[in-house]
Amino acid sequence: MKQNEMKQLAFTASHFQASEAGMQILQNGGTAIEAMVAAAAAIAVAYPHMNSLGGDGFWLIHEPGKQPVAINAAGVSAAQASATWYQERGHAQIPSRGSAAALTVAGTVSGWQLALEISEKWQSGIGLENILHSAMHLARNGIIVTESLAAASRKTVHELRQVEGFSARYLPNGDVLNVGETLRNEPLADLLQHLSIAGLDDFYRGKTADCIAAAFAKTGSSLTRSDLAAYRARQVEPLSATTSKGTFYNLPLPTQGIASLLILALFDRCFDPSLDDSTQLHLLVEATKQAFRVRNAEAQDASVASKDISRWLQEPALQKMAAEIDLNHAAPWPNPAIPGDTIWMAARDKEGRMVSFIQSIYWEFGSGLVIPELGLLWNNRGVSFSLESGATNELKGNIQPFHTLNPALAHLNDGRVLAYGTMGGEGQPQTQAAIIWRHLYQQQSLREAVAAPRWLLGRTWGDNSHNLKTEADMPEHILSSLQQRGHEIQPIPACSELMGHAGAISATEQGVVDLATDPRSDGAALTDFFSASLTESFN
């Protein structure tokens with residue numbers, strides 16, 4: 001074994017500038033956590049339609065020889081949030097945009113802070129100024145608008161044009177963003193610089209919190225300074241499921257991590273290598289239906305849930321659900337679908353530590369509410385709550401809404417650690433399953449598994465249909481077989497962004513084995529070897 005094999009680095013993200021920001025930290029001796037915070041800040045600038053410091057995040061962190069740890073950095077609802085609060089203001093349901101949609105605390109910055117505290121136990125930190133440097137540079141000097149960002153601008157312009165602060169920040173010259181133009185956010189650069197000096201806690205309990213709370217009071221959000229001050233991300237135990245390929249980890253409630261694990265567990269239980277490709281794909285879709293029924297019935301804030309959702313991963317429940325899967329016929333559908341807009345990233349540092357991370361503002365541009373002084377866009381994750389009494393996700397104060405977000409990680413039987421995931425709301429568990437199926441059961445490389453034609457049961461962004469959508473390059477014999485089994489097929493363009501932005505890193509203790517980013521995104525999958533001489537730039 002070569003000496004530098006232990007020092008191999010890797011980073012994958014759905015925007016190349018986030019990958020570059022993360023890799024720079026890794027090359028200079030930073031940890032996978034420090035690299036991930038750097039990339040998370042950078043992509044909050046580069047992909048504002050997907051995420052923001054005003055959003056939420058979830059972490060899975062692997063350290064060689066130890067069980068993974070998870071961080072829940074999902075914000076909670078305002079203390080005064082209730083159905084009555086909305087009814088008194090003339091709302092029959094929670095608005096999807098504007099100040100009334102900004103009803104949950106943004107948890108992502110607190111998640112960065114907690115993760116960095118874990119990183120400090122590994123080695124001395126490189127400092128927030130270094131970690132946030134790339135994001136500050138991008139915000140101040142500008143990003144080049146990609147087609148993904150331009151398309152989101154065109155899609156949302158009519159509903160967001162009048163939302164407080166949005167036009168001034170994201171509709172320059174009163175018009176939509178166009179591919180190739182430069183978009184700057186100097187106030188966000190100033191915010192990042194302030195946090196690099198004052199510390200991330202300032203976002204919740206300092207001058208930044210004062211500014212955020214003042215904006216909420218002015219615009220009519222239910223969030224207050226007290227809500228910010230009371231919030232802290234927390235470390236939680238991940239859910240896990242063991243299959244013939246290894247042990248798979250995901251996030252517990254309030255996420256749909258249970259669905260992602262159930263699909264894998266049910267597929268593995270029913271899998272037979274003699275099954276042809278079309279039957280295996282049918283099996284994945286049917287396992288998805290079983291998993292989504294559980295998710296839709298029970299996914300909510302863990303403190304509100306009456307039962308432990310991990311019971312569905314136990315033998316009796318898996319046996320019962322697997323018995324309900326018919327390999328020859330599609331089960332009835334639909335169930336309600338859930339939209340979302342998100343980014344997923346992964347990192348491996350010089351010591352073999354790995355991170356699977358996801359960050360989101362929910363819908364494209366979230367609530368649309370921008371705090372002008374900070375250039376800060378706020379999430380609309382609270383739309384996941386219901387004003388209906390007794391609903392699974394009934395709106396109450398100080399609880400977390402249901403989250404589509406669920407970064408994934410696996411300890412495989414062959415000794416590899418696999419960090420993988422995607423954005424895409426309803427499609428996240430399905431795309432995760434597609435990657436695992438193709439990589440571990442069909443022996444495809446990660447690049448092939450991520451790029452291959454995908455499917456999605458349920459609606460895509462802005463679509464209310466609940467059929468089985470397949471990319472146009474899906475082999476005809478598979479489509480024909482699925483239709484014969486009773487699936488309602490709707491073709492969509494090949495390599496469609498509607499299918500999410502996936503990625504993965506596979507590594508052993510000796511080094512990186514494989515990595516990939518999604519051709520559907522503007523991302524990059526980078527690898528390098530650590531050189532101690534490079535650390536001089538941070539010293």
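Predicted model: local features only at pLDDT ≥ 70, side-chain atom pairs only at ≥ 80, totals over all residues.

Guide: A polar contact is a pair of N or O atoms within 3.5 Å; within protein, one of the two must be able to donate a hydrogen and the other to accept it. The side chain of Ser521 reaches the backbone oxygen of Asp518 at 2.9 Å. A polar atom of the Ser521 side chain also lies 3.1 Å from the backbone nitrogen of Gly523. As for its setting, Ser521 is placed in the loop that runs between β19 (512-517) and β20 (524-529). Ser521 counts as buried because its relative accessibility is 13%, and buried means under 20%. When neighbours within four places in sequence are left aside, Ser521 is in contact with Ser14, Tyr47 and His501.

The aromatic rings come next. The count of aromatic pairs comes to 14. One of them joins Phe267 and Tyr441: the ring centres are 5.0 Å apart and the planes stand at 85 degrees, so the pair is edge-to-face. This pair links distant parts of the chain, with Phe267 in helix α13 (residues 257-270) and Tyr441 in helix α16 (residues 428-441), 174 residues apart. Phe267 is buried, at a relative accessible area of 2%, and Tyr441 is likewise buried, at 13%. Another pair is formed by Tyr362 and Trp363, whose ring centres lie 6.3 Å apart with planes at 45 degrees, so this pair is tilted. Here Tyr362 is buried, with a relative accessible area of 4%, whereas Trp363 is partly exposed at 23%. Elsewhere, Phe203, Tyr204, Phe216, Tyr231 and Trp378 form one aromatic cluster.

Rings also meet charged side chains. The charged end of Arg89 sits over the ring of Trp85, at 3.9 Å from the ring centre. Over the ring of Phe530 sits the charged end of Lys350, 5.5 Å from the centre of that ring.

Finally, the cysteines. The count of disulfides is zero, the rule being a pair of cysteine sulfur atoms within 2.5 Å. Cys211 has a relative accessible area of 21% and is therefore partly exposed. Cys270 is also partly exposed, at 22% relative accessibility.

Key
Residues numbered from 1 in each chain as written. Heavy atoms only, no water. Buried < 20%, exposed > 50% of the residue type's maximum accessible area, 1.4 Å probe, protein only. Phe/Tyr/Trp six-rings, centres within 6.5 Å; stacked < 30°, edge-to-face > 60°. Helix = DSSP H or I, 4+ residues; strand = E, 2+ residues; numbered from the N terminus. Lys NZ or Arg CZ within 6 Å of the ring centre and 35° of its normal. Contact = heavy atoms within 4.5 Å.
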